[in-house]
Amino acid sequence: MTDADATAADAAATDVAADQSKDDVVLRVEDLQKSFGALTATDHATFEVERGTITGLIGPNGAGKSTLFNLVSGFYEPDGGRVEVNGTEVTGMEPYEIADHGLIRTFQTPRKLEGMTVREAMLVGPRKQPGESFLNLFFRPGDVGEHEAANLADAERILEEFEIDHLATQPATKISGGQMKLVELARAMLAEPELLLLDEPAAGVNPTLRNKLAEQIRRLNEQGTTFLLIEHDMDFVMKLADPVIVLDQGSVLMEGTPQEVQTDERVIDAYLGGSP
Amino acid sequence: MRVLSDPKGYWADLTRSEQGVVAFIVAFAGLLLVGLLTGALAPTYFLYLVGLAGMYALLSFGLNSQWGFTGLINFSVAAFFGIGAYGTALMSASSSPIAGDLLPIVGLVVALVVAALLALAIGIPTLRLRADYLAIASLGLAEVVRLVVLNERQFTNGSAGVRGIPPFFEGFPVLADLPQMMPGLAIRPLPGTTIVLETPFWGALLNVVVVLGFVGVSYAVLRRAHRSPWGRVLRTIRSDEDLARALGKNTYGFKMQSFVLGSLIMALAGVFYAHLNLFVSPGDLDPVTTFYVWVAVILGGSGSNRGALFGGFVIVGIREGTRFLNEFAWIPIDVAPLRLLLIGVLIVVLMRYRPQGVLPPQRELIWPKVVDEAPDRPDSGVREAKVGGGDD
Ligand SMILES: Nc1ncnc2c1ncn2[C@@H]1O[C@H](COP(=O)(O)OP(=O)(O)O)[C@@H](O)[C@H]1O
Ligand SMILES: [Mg+2]
């Protein structure tokens, strides 16, 4: 690295820290609002996620993080505001349409697929499979078979990369909670998202698997997937994410590098003063 | 067929549930054979029973592809069955008040189209909502269809029913007249018993051919669908619809396809019934049919096509078997009215000891030939699963 490069990198770093203007935005949330009866869960939230980052979303319990995910991914209808994915407005669209724009999400509680093996459950991941059309099953069976074989190979490769290939033919309901989280992440990757929203991926996962999970997220990020992740475990988030967005009572409190966030008075207050 | 070339290997590859069912079927078939040979069971009646069993198998297939695959709760099995039966009857019967005397094949097409439209009409408002809405709406639909058939006399003949329905092969070359052309046969399988096979027998045999054709085609279609990515999305919806949505599946569209497909198969059962019985009346839309079919699917093992087939046969066995029990003078009570009670007890026992049904899906459902070599059997399977291959 030359001196000039180093200075440039430094300058860029200070730049980002100084003002939050981002040039390649994959997700833009503007003034999003949602209330459940009298309870305001999302209160004029505005933020952006830059392509290629692992962006953290933290906040005390009940701050409205999961609600925000549900709004962004189309599971809830916002009361106001707009959501843009890859430059297209997706406000009010169905989740499957938003997925078509490259946004995939996981859930806070792992979802079990009754009666499937792990690799069967993985095969639900790929989008736009020819075998998902009923007519193709009878008129283009060769095509269906080819894609199924390719998808199965992909699934087994990803399971191997995640070092859980020994689980492939185990029942999907009989693996540990931590393994389930890994399978969920692996399956979501088969959908080839540009932006992957993870809701507390490390919750209930033992420390060994947790490290593995962090390692995988970092690796997938280097291969080009953008992540927006909610996490309760500060350690996990601070090691992995940059920038970090702090949500409190439904609105964005601040955004910054892990260091900035950890030392910010307002954040400490929110965590101490917020819900237990 | 592996059964014939390598029976031992075939047997060893079956799961315990499959072995149990195979043993049961062999024993039951043996019993029927004895009945036939000794003349206790008239061949024509036997064929009628096979037709009835095939009809129930179709109904169970239909419900299984809604409830078993996708988790859709449909309480209007009898209505779709009735649409099938009345659809073809009103087209082809000589006493039909609206069309009449058309070819049964036209009736078949009309019945299926009407059933599909009705399925769409009920699916469009309910399938976007939570699962219970379809259940309630279908409950209402069953009653509406029954009342319409009963009261709209100018279209349906009302409670008088529709008579003069031709056999299914009416208008076909050769097949239409085959029963009349076949010679009467008298066979003596055992000393002292004579079985006479005449026109009714050949007619019944043709009906069995029809129903076996319907059942065979439906089974082939459903088996392929079940093992495909399409079926996998349905199974995901059944377990967790939100997961399917998050992975980019248009779950509303998939649920609609599953609902229409199941309804078509139920209507097919109705079409067959009309040409088996040659008479349909509003009584055929009795909601008890829906109850029987639900029992068949749950008993067979929700989600399994073979289970639905088995369940359908068992239900006919119970329905007709209880009738048969009355032949024994020493039983002091009339057994037939206790049928529903017996089925209720059966369900309670089943739920207590085998809630997943007799023959739930036994193997991984991946497109055939994609998993070439079966890896080691997992010790604890997906409900005793076997990996890669075979049926269901
Ligand atoms: N579907 C819902 N109906 C009513 N209230 C809800 C719903 N979803 C979330 N909430 C409420 O919104 C607030 C924010 O919840 P949530 O987004 O789950 O918080 P977080 O994920 O940050 O812990 C909570 O008070 C929660 O009870
Ligand atoms: Mg949450």
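Because A:Ser66 lies in helix H2 (residues 65–72) of chain A and A:Gln108 in the loop between strand S6 (103–105) and helix H4 (118–122), the pair ties together parts that are 42 residues apart in sequence. Helices (H or I, at least four residues) and strands (E, at least two) are DSSP runs, numbered from the N terminus.

This is a predicted model, in which local features need pLDDT of at least 70 and side-chain atom pairs count only at pLDDT 80 or more, while totals for chains, interfaces and linings use all residues. Residues are numbered from 1 along each chain as its sequence is written, chains are lettered from A and ligands numbered from 1 in the order in which they are written, and side-chain values use heavy atoms, with hydrogens and water left out.

A:Ser66 is partly exposed, with a relative accessible area of 23%, and A:Gln108 is also partly exposed, at 35%; buried means under 20% relative accessible area, exposed over 50%, and partly exposed in between (1.4 Å probe, protein chains only).

On chain B, helix H16 (residues 339–353) holds B:Leu341, which counts as exposed because its relative accessibility is 55%.
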